[in-house]
Amino acid sequence: MEDFLITTAKVLFIFGLNMGVFAPLLTWVERKQSALMQDRIGANRADILGFSMIGLFHPIADAIKMLAKEDFIPEGANKIMHTLSPIICVVPALLTFAVIPFGGEYVIGGKHIKLVIADLDVGLIFIFAISSLATYGTVIAGWSSNNNWSLLGSLRASAQMISYEVAMGFTLVGVFMVYGSLQLTQIGAAQESFFRWGIFLQPLGFFMFLACAIAENKRAPFDVAEGESEIIAGYFLEYSGLKFGMFYMAEFLEIVTISAMVTTLFFGAWHIPFISSALILSMLSFLNETLANIILMLIHISVFWVKVIFFIWFQMTIRWTLPRFRYDQIMKLGWKILLPLSLANILVTGIVILILQ
Amino acid sequence: MELLIFFIFGGVAVLAAFLMIISWNPVAAVLNMILVMFCLAGLFVLLNAHFIAAIQILVYAGAIMVLFMFIIMLLNLRGNEPIWKSRDKNVLLSFLGFLLAVGAFIKLFSTLKASGLNQGTQIGEDFGTTALVGKILFTDYLLPFEIASILLLVAIIGAVMLAKTKID
């Protein structure tokens, strides 16, 4: 019963944080970030009784607008699949968080609590498996809309996502070779000391993973699948109302997931540089064990999310800095540069591990 | 509880496989097949084989079926072309499929009979983990593993050769 309550609390925490804070807030952050970088003011008009709160009410206004809009299904479209595809897009984005740890292991009231929903032995493969399903959302969306632009968009999206999935898988092989585990809690725990962080052990892996992950999420500079100026909006052209919103929600949730993965794999997960958990616990030794552990847990959770928020900002900056690649450039980057480089990375990592043994 | 989950996954798998065979719409058939893959992954999890389950979704549902979908969309198959309708009239294919099914069933029943249905087997603590699967794959089953990789390499080279002659 106690385990059930703890797991439910963790699920509610992750779900609430993603759906309640990140998904709505990131629409606002994206607009403000783009405005900042283009020397504009950005969203600031929505107000409640004259208080505009630097535009923070815009997500609420957006939500009301989307709920009130007509849910349009084009003629000749496959109704079931047209409705199903936004859901297929959102679910994988949320599901990957099940194996990402947002803190270490703590002893609270004599009970060992791990801050991860499902501590799977196959953690990383689970993430790949689930994220590879996101392709279906975009593919079915484009196909079921009965629109040539949509079909073009989803063809581009599926080709791009298949290509970058391969490279993304290979970039992370180096990471689990170094840490000797696929379990994300173990990878996180192995980065206790600052110079054991993934970015120092797998620097090339980090940059390649980030490139592949952004391509997988189809954001600029890899957003040919949407390509407003070429194919209007690509695969979600024929969507309106809440279904349209769900595609955006999936995109923003994916940003959070990518940031969380980058943090866990390359930037020390929940650890603070040079300050180990033992040090914090010894500083808190005047408190009893449970209280000290709770404080440690809260510190680690906030450190983890601060890192995640940094990488969200980083991705937003990339989004508004780089222009869109051409389709053939994307394919060339994926197959001719990232894939051979990631294979070379595996080879070099293997040789170094062999020498050090 | 475990039995209930087994029947849910098994039942849905059989139903989806049936729908896949009878559906006229190629995309619907692909989606049903993905559902079958999912249910199989669920059954693997019930058998404690988490690694196989994850790989099942990653390779079959995530990669191979996406390619199926991609091809169907690229050729824009809508399920009403005469060639699509004529697939049922191909006697040779039906006969070969029937033979394959019969062979599979005979093998299945003989294996089940030989093993004895009601005996449980003891499995180790680390059964189904990535480490154990890797160890077995690279010791006991090294030869099949290498043969499979050579087969895949040949397939890749063949695909490249075919694609090359078409483009030139």
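Helices here are DSSP runs of at least four residues, numbered from the N terminus. With that in hand, let's walk through this structure, which is a predicted model.

Start where the two chains meet. Chain A brings 23 residues to the contact and chain B brings 25. The size of an interface is often given as the accessible area lost when the parts come together. For chain A and chain B that comes to about 2100 Å², with carbon and sulfur atoms giving 78% of it. Three residues stand out on the chain A side: A:Tyr136, A:Trp143 and A:Leu155 supply 30% of the area that chain A buries against chain B, more than any other three residues. And what about charges?

Now look at which parts of chain A do the touching. Helix H4 (123-144) and helix H5 (148-179) of chain A each supply at least two residues of the side that touches chain B. H4(A) gives the most, with 10 residues. Sort the residues of that side of chain A by class and you get 15 nonpolar, six polar and two charged.

The largest pocket holds about 1900 Å³ of space. It is lined by 41 residues, and the closest to its centre are A:Phe170, A:Val173, B:Ile55, B:Leu58 and B:Val59. Both chains take part: H4, H5 and helix H13 (327-356) of chain A each supply at least two lining residues, and so do helix H3 (50-74), helix H6 (130-139) and helix H7 (142-167) of chain B. H3(B) gives the most to this lining, with 11 residues. By class, the lining of the largest pocket has 30 nonpolar, nine polar and two charged residues.

The second largest pocket has about 620 Å³ of space. Among its 29 lining residues, A:Thr27, A:Asp62, A:Met66, A:Tyr248 and A:Phe252 are the closest to the centre. H1, H2, H10 and helix H12 (289-321) of chain A each give at least two residues to the lining, and H10(A) gives the most, with eight. This lining splits into 16 nonpolar, three polar and 10 charged residues.

Over all chains, the whole structure has six salt bridges. One of them joins A:Asp62 to A:Arg31, with the closest N and O atoms 2.6 Å apart. The two partners are 31 residues apart and link distant parts of the chain, with A:Asp62 in helix H2 (residues 58-68) and A:Arg31 in helix H1 (residues 2-37) of chain A.

The largest cavity has a volume of about 150 Å³. Its lining takes in 14 residues, with A:Ser131, A:Glu254, A:Thr257, A:Ile258 and A:Met261 nearest its centre. Helix H3 (79-95), H4, helix H8 (203-216) and helix H10 (241-266) of chain A each give two or more residues to this lining. H10(A) gives the most, with four residues.

The second largest cavity has about 130 Å³ of space. Of its 13 lining residues, A:Cys89, A:Lys218, A:Tyr235, A:Ala250 and A:Glu251 are the closest to its centre. H4 and H10 of chain A are the elements that give two or more residues, and H10(A) again gives the most, with four residues. The lining of the second largest cavity divides into six nonpolar, two polar and five charged residues.

Conventions: Residues numbered from 1 in each chain as written. Chains lettered and ligands numbered in written order. Predicted model: local features only at pLDDT ≥ 70, side-chain atom pairs only at ≥ 80, totals over all residues. Heavy atoms only, no water. Contact = heavy atoms within 4.5 Å. Buried area = accessible area lost by both parts, 1.4 Å probe. Nonpolar A, V, L, I, M, F, W, Y, C, P; charged D, E, K, R; others polar. 1 Å grid on protein atoms, 1.4 Å probe; cavity = no way out; pocket = protein on both sides within 12 Å on 5 of 7 lines; lining within 4 Å. Points joined across faces, edges and corners; volume = space filled by probe spheres on them. Salt bridge = Lys/Arg side-chain N within 4 Å of Asp/Glu carboxyl O.
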